[in-house]
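Hi,

Here is the structure I promised to pass on.

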Amino acid sequence: QVRLVESGGGLVQAGGSLRLSCAASEVAFRTVGWFRQAPGKEREFVSAVNWTGTRKGYKESVEGRFTITRDNAQKMVYLQMNNLKPEDTAVYYCAAGVGAWDREAQYGDWGQGTQVTVSS
């Protein structure tokens, strides 16, 4: 089992930026994804990066504002979030899985989440 710990969430005004970090106990051969869950809504895919970092994917509404990167040597994955909007408010989770991409069921290991709140 892979242990994942998110950090970097907080309160920010609309238009601001945050960088989320995901520290993993192991990342070898695993896609790492970011998901989010807003109050009263289902958890949704935000972004993912494959093991080699050569493939990245984003939810359409965050494309061009969010950037996912990974540092395999440090076992870290980051989500840089710029031009944040109130609708980005949610708990953000990182997840890891071999061969995973944009569906929750593809990921076997999850972090506890970090709260992101964007005020208008």
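**Aromatic pairs**

The count comes to five aromatic pairs, where the rings of Phe, Tyr and Trp (its six-membered ring) pair if their centres lie within 6.5 Å, and planes under 30 degrees apart are stacked, over 60 edge-to-face and the rest tilted. One of them is Phe-35 with Phe-45, edge-to-face at 5.7 Å centre to centre and 75° between the planes. Phe-35 sits in strand 4 and Phe-45 in strand 5 (residues 44-49), so this pair ties together parts ten residues apart in sequence. Strands here are DSSP runs of E with at least two residues, numbered from the N terminus.

Phe-35 is buried at a relative accessible area of 1%, and Phe-45 is buried too, at 14%. The cut-offs are under 20% relative accessible area for buried, over 50% for exposed and partly exposed in between (1.4 Å probe, protein chains only).

Phe-35 also pairs edge-to-face with Tyr-107, at 5.3 Å centre to centre and 80° between the planes. Tyr-107 is in the loop between strand 9 and strand 10 (109-110) while Phe-35 is in strand 4, so here the parts tied together are 72 residues apart in sequence. Phe-35, Phe-45, Tyr-107 and Trp-110 make up one aromatic cluster.

**How to read the numbers**

This is a predicted model, so to speak: local features need pLDDT of at least 70 and side-chain atom pairs count only at pLDDT 80 or more, while totals for chains, interfaces and linings use all residues. Residues are numbered from 1 along each chain as its sequence is written, and side-chain values use heavy atoms, with hydrogens and water left out.

Strand 3 (18-24) is mostly covered, with five of its seven residues buried. Four bridges join strand 3 to strand 1 (residues 4-7), and the two run antiparallel; strands pair if DSSP finds at least two bridges between them. Ser-7 has Ser-21 of strand 3 as its bridge partner. Strand 3 is also joined to strand 8, by six bridges and again antiparallel, with Ala-23 partnering Met-76.

The structure holds one disulfide, meaning a pair of cysteine sulfur atoms within 2.5 Å. Cys-22 and Cys-94 form it, with their sulfur atoms 2.1 Å apart. The link is right-handed, with 65° about the S-S bond. Cys-22 is in strand 3 and Cys-94 in strand 9, 72 residues apart, which makes this a link between distant parts of the chain. Cys-22 is buried at 1% and Cys-94 at 0%.

**Asp-88**

Asp-88 is in the loop between strand 8 and strand 9, and at 1% relative accessibility it counts as buried. Its side chain makes a polar contact of 3.0 Å with the side chain of Arg-36 (N or O atoms within 3.5 Å; within protein, one must be able to donate a hydrogen and the other to accept it, and residues adjacent in sequence count only if both atoms are side-chain atoms). A polar atom of the Asp-88 side chain also lies 2.8 Å from the backbone nitrogen of Lys-85.

Phe-29 has a positive phi of about 65° although it is not a glycine. At 59% relative accessibility, Phe-29 counts as exposed. Asn-83 also has a positive phi, near 50°, and at 41% Asn-83 is partly exposed.

Cheers
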